[in-house]
Amino acid sequence: MQRSFINILSSNVERSARFYEELLGMHRHFAADWFVIMSHHDIPGLEYGILQRDHEIVPAPLQAAPSGVIVTFVVADCDQAARKAEEIGAKVISPPTDMPYGQRRMLVEDPDGTAIDISAPTAPMQA
């Protein structure tokens, strides 16, 4: 395998790209009006695609709203991300909560309803 990344579907690629830029500090690695690949300066190799939901390359049965998916981003400070989410008006599904597996986690929705898990370690990772 040479490369792998997830694509989420969006009804407004520009709006979704701005959401990830503002909330997580990502930037556009590639941009077209129907497809954007987001990256992050601190994470070499990270690619996160945002694809126009009704574009001709998306099969009609897949164009519905997302369900059954949670995309996780691990950050240094979950509470700081929560403040940023509030600042940009993100819909919070669950506020920052200490989880039994050694992380503090919050869930938000991106502008198209994709569930985003933003977590930060609270304890050293176990091997």
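Student: Where is glutamate 86 placed?
Tutor: Glutamate 86 sits in helix 2. Helices here are DSSP runs of H or I with at least four residues, strands are runs of E with at least two, and both are numbered from the N terminus.

Student: Before we go on, what kind of model is this?
Tutor: It is a predicted model: local features need pLDDT of at least 70, side-chain atom pairs count only at pLDDT 80 or more, and totals for chains, interfaces and linings use all residues. Residues are numbered from 1 along each chain as its sequence is written, and side-chain values use heavy atoms, with hydrogens and water left out.

Student: Okay. Is glutamate 86 buried or exposed?
Tutor: Glutamate 86 is exposed, at 66% relative accessible area. The cut-offs: buried is under 20%, exposed is over 50%, and partly exposed is in between, with a 1.4 Å probe and protein chains only.

Student: How far apart are the C-alpha atoms of glutamate 86 and arginine 18?
Tutor: They are separated by 15 Å. Along the chain, glutamate 86 and arginine 18 are 68 residues apart.

Student: Which residues of helix 2 are buried?
Tutor: Cys78, Ala81, Ala82 and Ala85 are buried in helix 2, which spans residues 78–88. They cover an arc of only 105° around the axis, so they lie on the same side of helix 2. That arc is taken from the directions from the helix axis to the C-beta atoms.

Student: Why do residues three or four places apart point the same way in an α-helix?
Tutor: An α-helix has 3.6 residues a turn, so residues at that spacing point the same way.

Student: And what is exposed on the other side of helix 2?
Tutor: Arg83 and Glu87 are exposed there.

Student: What do the buried residues of helix 2 pack against?
Tutor: They pack against helix 1 (13–24), strand 6 (91–98), strand 7 (103–109) and strand 8 (115–121). Contact means heavy atoms within 4.5 Å.

Student: Strand 7 has glutamate 109 in it. What does glutamate 109 touch?
Tutor: Leaving out residues up to four places away in sequence, glutamate 109 touches Phe19, Lys91, Ile93 and Thr114. Its relative accessible area is 24%, so glutamate 109 is partly exposed.

Student: New spot. Where does glutamate 47 lie?
Tutor: Glutamate 47 is in the loop between strand 3 and strand 4 (48–52).

Student: Buried or exposed, that glutamate 47?
Tutor: Glutamate 47 is buried, with a relative accessible area of 14%. Not counting residues up to four places away in sequence, glutamate 47 touches Arg3, Phe5, Ile6, His29, Ile37 and Met38. C-alpha to C-alpha, glutamate 47 and glycine 89 are 24 Å apart.

Student: What about alanine 32, where is its place?
Tutor: Alanine 32 is in the loop between strand 2 (27–31) and strand 3 (35–39). At 26% relative accessibility, alanine 32 counts as partly exposed.

Student: Zooming out. How many helices and strands does the protein have?
Tutor: There are two helices and eight strands. Along the sequence the pattern is β-α-β-β-β-β-α-β-β-β. The radius of gyration is 15 Å, close to the 14 Å that the globule rule gives for 127 residues, so the protein is as compact as a globular protein of that length. The radius is taken over C-alpha atoms, and the rule is 2.2 Å times the number of residues to the power 0.38.

Student: What share of the 127 residues counts as buried?
Tutor: In the protein, 38% count as buried.
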